[in-house]
Amino acid sequence: MSMLGLFTPIFIFLIGQKTGGLVQGLRLVVVYLVIQRLLLALVTVPVAKLVNRLGFRISVLLGSSLTIFYYLLPTVFDESVWLVIAMALVTVLSIPFYWLSRHSMLALDGTKGEWGKEMGAVQLLERGGAILAPLVGGVIAQIFGFKVLFGVGAVIIFLSSVPLFFMKHHQRDGDITIKGVFEWFTRDKRHLFLTTVGEGLD
């Protein structure tokens, strides 16, 4: 993800810049982010309901598949505003399907009393990759172009999804509602408010 995430806004900016210069490039990035974030706010709870019914493993695979589709779009279609809009719409589903399920699996599969240590190891691996990946991605984009970069990224995401087929099936009882999330947060997890806001800003 780190190899691609940094270059997606650059790719979108360059599409706008080709048609209308610097201002159009920045405007297109803003349009992409506004569409993505507004729709994410609307669909996260409904997607969480689906995740709860499908189970975490299937939902992560679905999120990964949508992410692969997202990165293959620029390799197939011509660069245009419509491509950017299509990419934004795909992420509206890929992000909640993947991340809600992934965090839930980590929380459930962690060893009691060792969860902090295990999450520390996960973060260490992720941060280590986040340091090297942009460098690798930059080299690929510079030499071969964005389409090759996105294609390589799609293959890596596919390969990283293979172990999920060997994981146990996760499924939770009950339902998820906006009211329930709000009550859980205000009653039991008020101390996580600033953490959640900071994570969202990040």
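Reply: Gladly! Let's begin with contact, which means heavy atoms within 4.5 Å. By that rule, and leaving out residues up to four places away in sequence, Leu 39 touches Leu 89 and Val 92. Keep in mind that this is a predicted model.

Me: Where does Leu 39 lie, and why is it called partly exposed?

Reply: Leu 39 belongs to helix 2. Its relative accessible area is 29%. Buried means under 20% and exposed means over 50%, so with 29% Leu 39 counts as partly exposed.

Me: What makes Val 51 buried?

Reply: Val 51 has a relative accessible area of 4%. The cut-off for buried is under 20%, so Val 51 qualifies. This residue is also in helix 2. Setting aside neighbours within four places in sequence, Val 51 is in contact with Phe 56, Ser 59, Phe 97 and Ser 101.

Me: And Val 34, what is its class?

Reply: Val 34, another residue found in helix 2, has a relative accessible area of 42% and is therefore partly exposed. Its C-alpha atom and that of Ala 88, 54 residues apart along the chain, are separated by 9.1 Å.

Me: How do you know whether Gly 63 is buried or exposed?

Reply: The relative accessibility of Gly 63 is 0%. Under 20% means buried, so Gly 63 is buried. Gly 63 sits in helix 3 (residues 56–76). Not counting residues up to four places away in sequence, Gly 63 touches Ser 94, Phe 97 and Tyr 98. From C-alpha to C-alpha, Gly 63 and Phe 97 are 4.7 Å apart, although 34 residues apart in sequence.

Me: How do you know that the length of helix 6 agrees with its number of residues?

Reply: Helix 6 (residues 146–161) has 16 residues, and at 1.5 Å a residue they should span 22 Å. The expected span uses one less than the number of residues. The end C-alpha atoms are 23 Å apart, which agrees.

Me: Which residues of helix 6 are buried, and why can we say that they line one face?

Reply: The buried ones are Phe 146, Leu 149, Phe 150, Gly 153, Ala 154, Ile 157 and Ser 161. Looking down the axis of helix 6, these buried residues fall within an arc of 135°, so they line one face of the helix. On the other side, Phe 158 and Leu 159 are exposed.

Me: What is the geometry between helix 2 and helix 6, and what is the hand of their crossing?

Reply: The axes of helix 2 (residues 7–54) and helix 6 come within 11 Å and cross at roughly 150°. The crossing is left-handed. At this contact, Phe 7, Thr 8, Ile 10, Phe 11 and Leu 14 in helix 2 meet Phe 146, Leu 149 and Phe 150 in helix 6. Those residues divide into seven nonpolar, one polar and no charged.

Me: To finish, how many helices and strands does the protein have, and what percentage of its residues count as buried?

Reply: The protein has eight helices and zero strands. Of its 202 residues, 31% count as buried. Among contacts with a separation of 6 or more, 80% come from residues 24 or more positions apart.

How values were computed: Residues are numbered from 1 along each chain as its sequence is written. This is a predicted model: local features need pLDDT of at least 70, side-chain atom pairs count only at pLDDT 80 or more; totals for chains, interfaces and linings use all residues. Side-chain values use heavy atoms; hydrogens and water are left out. Helices (H or I, at least four residues) and strands (E, at least two) are DSSP runs, numbered from the N terminus. Buried means under 20% relative accessible area, exposed over 50%, partly exposed in between (1.4 Å probe, protein chains only). The arc is that of the directions from the helix axis to the C-beta atoms. Axes are lines fitted to C-alpha atoms, for helices over the stretch in contact, and angles run from 0 to 180 degrees between N-to-C directions. A crossing is left-handed if the near helix is turned anticlockwise from the far one by less than a right angle, and right-handed if clockwise. Ala, Val, Leu, Ile, Met, Phe, Trp, Tyr, Cys and Pro count as nonpolar, Asp, Glu, Lys and Arg as charged, and the others, Gly among them, as polar.
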